[in-house]
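Subject: Handing over a structure

Dear colleague,

I am passing on to you the structure that I have been looking through, and below it you will find what came out of that reading. Please keep it open beside this message as you go.

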2 protein chains.
Amino acid sequence: MTAVKKYEFDGEFKMLRGTIASPSFAYETWGVLNDSASNAVLIFTGLSPSAHVASCIDDPSSGWWEDMVGPDKPIDTKRYFVICVNSLGSCFGSTGPASIDPETGNLYRLGFPVLSLEDVAEGGALVLDHLGVDKLYAVVGASMGGMTALAFSLLHPDRSSSLVSISSAARALPFSIAVRSLQREMIRTDPDWLGGEYQHDKGPVNGMRLARKLGMISYRSATEWTERFGRERADAGSDGPGPFGIDFEVESYLEAHAKRFIGTFDANCYLYLSRAMDLFDITDHGGSLHGGLARLRLDRVLIIGVETDFLFPVEQQQELATGLKEYVPEVDFRRLDSRQGHDSFLVDMDRFRPAIASLF
Amino acid sequence: MTAVKKYEFDGEFKMLRGTIASPSFAYETWGVLNDSASNAVLIFTGLSPSAHVASCIDDPSSGWWEDMVGPDKPIDTKRYFVICVNSLGSCFGSTGPASIDPETGNLYRLGFPVLSLEDVAEGGALVLDHLGVDKLYAVVGASMGGMTALAFSLLHPDRSSSLVSISSAARALPFSIAVRSLQREMIRTDPDWLGGEYQHDKGPVNGMRLARKLGMISYRSATEWTERFGRERADAGSDGPGPFGIDFEVESYLEAHAKRFIGTFDANCYLYLSRAMDLFDITDHGGSLHGGLARLRLDRVLIIGVETDFLFPVEQQQELATGLKEYVPEVDFRRLDSRQGHDSFLVDMDRFRPAIASLF
């Protein structure tokens, strides 16, 4: 069962650095749009999730933010009409490098234009048009989703009253660029990548495994892992023979996460979305951080950062919140003491529930 | 020209987890041993350096700690007799996986016993025996070298008056294990690794490149890179064609570092030394941190940690220093505000010179 709906855009879709023909945008919705169409909430995702934020009747499987979105949850679907869009460039229903180019009949692969988060944001705006939502109560995103939500707010200053940005960035900084660049290199140098020409069932599995493991290393925190794993040894035989196989529990944990990821995400899509994060820079919208922020027409902003996040450090959230105070009447900055690093918004519900609920 | 001397051990060398026949230990020395043989300083290295700490008449090339060791430097070779040993398991003159096993005439490769930092420390002790040094003024190490210096102090409690431990660990914690495990996996999954059976000039170059880049990411700090690179773009054409090549200056920096590393370090040696760090745990010497520390017979300890080091966090240095206070009369803990992360001891000389000089 699926709850995914598709909006098929008819015509030429202009991207920041190219054009594609008639893309699809996959999305899901929860709740009901009220008569004044004033209760809509748009959620942009991080790099890898689909639009399935939460379970629903048509798809009872757990969503990636199951504890945050639903009836009587912090983003209460009894009160809000919630929309989540699968990012342009991704592989869960929206058009991306793994989709067929209608003009050639072949997969786009590396023929897909260089992707920007502005393009992803425009996809969200098109879905809003399609749904008859002129103005959002809030646009929400964490990680890449937060960057996209900011891009949306810059491109469409009048289309949302509020912005919720979690563990995100107004521009990518070199440490996170280095991590993502290395992840992409792991994939690109896997001989099975074949310059992007791999067959669907024979992709760069090893490159994706390595990239996902580096992802997990950068998404969590040393503090969490010391408490959780310490120097616990893994069960014997979990990685077969050889002197350099899995020994410690933390290695077994990374392997399990990587295995779950492989086969679910297309490698070329990963490369495009990863690079789109590197390229994002608010200074492209107004020449500077403040030039960009001055374009916003928001009433209220909630910025959340996490002490243990070293990929999108809390200082970056602080800087954004401080800048916003000059241009947005109500800015709430929450610095959370979560232990789970960048991924805290997915797992530290005790701290994140009340923080998110404060705006809804 | 080389200043490297070799001590050829004659007979069976017992390691913690195996035995090898008649290993060599490469070392260099600076300064002169005084009549009472009381001015000797032994330096253990990090994972990748050779014994060439500093330039000398026989080898005027710069050493890896050129600014710290030499005449009138913080470790003043006019006053101290300084010894540095290439680690057992490495590939700069000491026996390791890239050496010939005298019993078979072939390279050890993966037939080399599982390496421990205790074995590396014992190599240092043998060189001291050979040089007629019964008791050191100080044993010194940073990173892996600090772990080895601690192992030396645990195995030979009466052989040094002082210990200098920089950005090191009394036991490997899961975050650093995860990083090293992933580096090893990058090398092991390079098809050119061939299960360790690669030819010298056809090793796993790509795996080593990726591993070195992850090393650099974990050795420096986001703060440094934001200040140093920001979002500067690299010179055009530095990585040939393709949409995912080098774009930002930080990527170009990583590539340059990786290129310098490739071909200088043997892949199997890297695997062995990397795993030896994971395996090190002071609790193997006395059942607990305090059980281990209680074995020490040091007069004086200098522990240095760096705020921006996330591979060997400053809290780990603090914990070690606090524990040591119960067993060592004089413990000096210095928490340095260096920006360059784990590598600060190699580059932030303005902060490190006075800290090191305080003990010499």
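To begin with a single place in this predicted model, in which loop of chain A is A:Arg109 found? A:Arg109 lies in the loop that runs between strand S8 (81-85) and helix H1 (117-131) of chain A, and although A:Arg109 is not a glycine, its phi is positive, at about 50°. Most residues other than glycine have a negative phi. With 17 C-beta neighbours inside 10 Å, A:Arg109 counts as partly exposed.

A:Asp72, which is not a glycine either, has a positive phi of about 65°, and its place is in the loop between strand S6 (69-70) and strand S7 (75-76) of chain A. A:Asp72 counts as exposed, because 8 C-beta neighbours lie inside 10 Å.

Turning to the sheet, chain A holds an open sheet of eight strands with mixed pairing, in the order S1-S4-S8-S5-S9-S10-S11-S12. Strand S1 (5-8) and strand S12 (330-336) of chain A stand at its edges with a single partner strand each, so one side of each is left without a neighbour in the sheet. On average, and ignoring direction, neighbouring strands of this sheet are turned by 20° against each other. Strand S11 (residues 300-306) of chain A runs parallel to S12(A) and is joined to it by seven bridges, and A:Leu302 stands opposite A:Asp332 in S12(A). Helix H9 (residues 314-324) of chain A packs on the sheet, where it touches strand S10 (160-166), S11 and S12 of chain A, and its direction makes about 160° with that of S11(A).

As for the two chains, 40 residues of chain B are in contact with 40 residues of chain A. Among the elements of chain B that give two or more residues to this side are helix H4 (205-219) and helix H6 (249-261), while the largest share, eleven residues, comes from H3(B). The residues on this side of chain B divide into 25 nonpolar, five polar and ten charged.

Chain B is superposed on chain A by a rotation of 180° with 0.0 Å of shift along its axis (RMSD 0.0 Å), which is the relation of a two-fold axis. The same surface serves both copies, since 100% of the contact residues of chain B recur in chain A.

Finally, the largest nonpolar core has 217 residues, and those that touch the most other members are A:Val41, A:Val82, A:Ile83, B:Val41, B:Val82 and B:Ile83. Leaving aside residues up to four places away in sequence, B:Val82 touches several residues, including B:Trp30, B:Val41, B:Ile43 and B:Ile75.

With best wishes

Terms used. Residues numbered from 1 in each chain as written. Chains lettered and ligands numbered in written order. Predicted model: local features only at pLDDT ≥ 70, side-chain atom pairs only at ≥ 80, totals over all residues. Contact = placed C-beta atoms within 7 Å. Helix = DSSP H or I, 4+ residues; strand = E, 2+ residues; numbered from the N terminus. Nonpolar A, V, L, I, M, F, W, Y, C, P; charged D, E, K, R; others polar. Least-squares fit on C-alpha atoms with pLDDT ≥ 70 in both. Pairing = 2+ DSSP bridges. Axes fitted to C-alpha atoms, helices over the stretch in contact; angles between N-to-C directions. Core = buried A, V, L, I, M, F, W, Y, C linked by C-beta atoms within 7 Å. Buried ≥ 20, exposed ≤ 12 C-beta atoms within 10 Å, placed from the backbone.
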